[in-house]
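Let's take a walk through a protein together, one piece at a time.

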Amino acid sequence: MKGNPAQPLCGFSNAVVQILRLHGVQDFQAYDVLQDADLRQGIKNYSNWPTIPQVYLNGEFVGGCDILLQMHQNGDLVEELKKLGIRSALLDAEKDQDKK
Ligand SMILES: N[C@@H](CCC(=O)N[C@@H](CS)C(=O)NCC(=O)O)C(=O)O
Ligand code: FES
């Protein structure tokens, strides 16, 4: 990402952090490419993806901001987190709403 989770330095990087937080995922590793030019270029070569942010789940490249947003909207992110043993906080939020 650009910046860090506490202080994202680009709206796209901010968006991925916010989406992960919505799902209750707090303790992800983040690396600031603005602090490391080799990382900034190297990660693009590694994933064959031209932009930052880049999201990896269990080391597997998922995509950037647009893809994570899409996965958030279509439910895929909940499923992918489930595969990692993470229960999305959004599921509980929905349940709480049902009760009301
Ligand atoms: N549509 C992209 C938005 C991200 C993007 O366009 N990033 C640009 C501007 S922050 C980028 O990384 N450019 C190359 C660079 O800054 O090294 C996505 O889905 O992630
Ligand atoms: S830093 Fe300008 S769009 Fe990301």
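The axes of helix α3 (residues 65-74) and helix α4 (residues 76-83) come within 5 Å of one another and cross at roughly 95°. Here an axis is a line fitted to C-alpha atoms, for helices over the stretch in contact, and angles run from 0 to 180 degrees between N-to-C directions. Helices (H or I, at least four residues) and strands (E, at least two) are DSSP runs, numbered from the N terminus. Which residues make the contact? On the α3 side they are L68, M71, H72 and N74, and on the α4 side D76, L77 and E80. Two residues are in contact if their C-beta atoms, placed from the backbone, lie within 7 Å. By class, this contact has 3 nonpolar, 2 polar and 2 charged residues. Ala, Val, Leu, Ile, Met, Phe, Trp, Tyr, Cys and Pro count as nonpolar, Asp, Glu, Lys and Arg as charged, and the others, Gly among them, as polar.

Before going on, a word about what you are looking at. This is a predicted model, in which local features need pLDDT of at least 70 and side-chain atom pairs count only at pLDDT 80 or more, while totals for chains, interfaces and linings use all residues. Residues are numbered from 1 along each chain as its sequence is written, and chains are lettered from A and ligands numbered from 1 in the order in which they are written.

Now step back to the whole protein. There are 5 helices and 4 strands, and from the N terminus on the elements run β-β-α-α-β-β-α-α-α. Taken along the principal axes, the C-alpha atoms fill a box of roughly 50 × 25 × 20 Å. Of the 100 residues, 19% are buried. A residue is buried if 20 or more other C-beta atoms lie within 10 Å of its own, exposed if 12 or fewer, and partly exposed in between, with C-beta atoms placed from the backbone.

Let's look inside next. In soluble globular proteins, nonpolar side chains tend to be buried together. In this protein, the largest nonpolar core has 12 residues: M1, V16, V17, L20, V33, I52, V55, C65, L68, M71, L77 and L81. Such a core is a set of buried Ala, Val, Leu, Ile, Met, Phe, Trp, Tyr and Cys residues joined through C-beta atoms within 7 Å. Helices α1 (11-22), α3 and α4 each supply at least two residues of this core. L68, one of the core residues, is in contact with V16, I19, V55, V62, G63 and L77, leaving aside its neighbours within four places in sequence.

Is M1 buried or exposed? M1 counts as buried because it has 23 C-beta neighbours inside 10 Å. This residue is in the segment before β1 (3-4). Beyond its neighbours within four places in sequence, M1 is in contact with P8, S13, V16, A30, D32, I52 and P53.

Helix α2 (residues 37-47) gives another picture. Of its 11 residues the number buried is 0, so α2 lies largely in the open. R40 is in this helix and counts as partly exposed, because it has 15 C-beta neighbours inside 10 Å. Not counting residues up to four places away in sequence, R40 touches V33 and I52.

Some parts of the backbone deserve a second look. Most residues other than glycine have a negative phi, and most peptide bonds are trans. Just after α2, N48 takes a positive phi of about 55°, and N58, in the loop between β3 and β4 (60-63), has a positive phi near 50°. N48 is exposed, with 7 other C-beta atoms within 10 Å, and N58 is exposed with 9. A cis peptide bond joins I52 and P53, with omega about 10°. P53 lies in the loop between α2 and β3 (55-57).

Finally, turn to ligand 1. The residues around it are K2, C10, F12, R40, T51, I52, P53, G64, C65 and D66, where a residue is near a molecule if its C-beta atom, placed from the backbone, lies within 6 Å of it. By class, this shell has 5 nonpolar, 2 polar and 3 charged residues.
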